[in-house]
Amino acid sequence: MTDNVMELFEQSGAVLHGHFILTSGLHSDTYMQCAKLFEHGDIAEALCKTAAEKLRKYGADAVVSPAVGAIIFGYELGKQLGIPNMFAEREKDGNFALRRGFELKAGSKVIIAENVVTTGGSVKEVIELVNKLGSEVVAVVEVVDRSGGKVDFGVPNESLLQIDVKTYQPEECPMCKAGTAAVKPGSKGLK
């Protein structure tokens, strides 16, 4: 499926090349724009069917996604697994919370669904939220693992595409040093 997932990214225009500021604050010359991928319902359905096949063994009863980017992935994944899905949103203090009437029952077994993982910061925050609510994260799934498998969430981690894309601290970024303007195509504001 890995080759096929990368082909889907390329065909849908979801692989961007340039100078980007990632959600983590790191810089990169490659950006995986899952919003372009999930613009196509048939692609979303096919990817989530594949992900659901990998995830059934964990016996989850809910999917939680960090908003905004992973909402569509979480929705379609929940649909394919036949379990409820919900999303965590950032409050004014910057912390994730379940709002809009979403509730996890104590003891729920949860899968965290994320679009793209580089450092895993947002996923780790949602894991902390789920644990505080008395539920258990049984697995994490992402469409793209940009860390090349280096991120450890302390639970099983499944990805549809694992790549190792070079990232830079802003002060070490060769594109910044060359005077290239960086853009931030993601949904989370700069820290």
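1. Two strands are said to pair if DSSP finds at least two bridges between them. Strands (E, at least two residues) and helices (H or I, at least four) are DSSP runs, numbered from the N terminus.

2. The model is predicted: local features need pLDDT of at least 70, side-chain atom pairs count only at pLDDT 80 or more, and totals for chains, interfaces and linings use all residues. Residues are numbered from 1 along each chain as its sequence is written, and side-chain values use heavy atoms, with hydrogens and water left out.

3. Strand S3 (residues 62-66) has two parallel partners. Three bridges connect S3 with strand S6 (residues 109-117), where Val64 lies opposite Ile112. Four bridges link S3 with strand S4 (residues 85-90); there, Val64 has Met86 as its bridge partner.

4. Together with helix H4 (residues 71-81), S3 and S4 form a right-handed β-α-β unit (right-handed: with the strands pointing away from the viewer, the path from the first strand over the helix to the second runs clockwise).

5. Why is S3 largely enclosed by the rest of the structure? Five of its five residues are buried, so the strand is largely enclosed (buried: under 20% relative accessible area, 1.4 Å probe, protein chains only). Ala62, Val64 and Pro66 cover one side, and Val63 and Ser65 the other.

6. A separate point concerns the open, antiparallel sheet of three strands, ordered S1-S2-S9. Strands S1 (15-21) and S9 (167-168) are at its edges with a single partner strand each, so one side of each lacks a neighbour in the sheet. Two bridges join strand S2 (residues 27-32) to S9, with His27 opposite Tyr168.

Methods:
Buried < 20%, exposed > 50% of the residue type's maximum accessible area, 1.4 Å probe, protein only.
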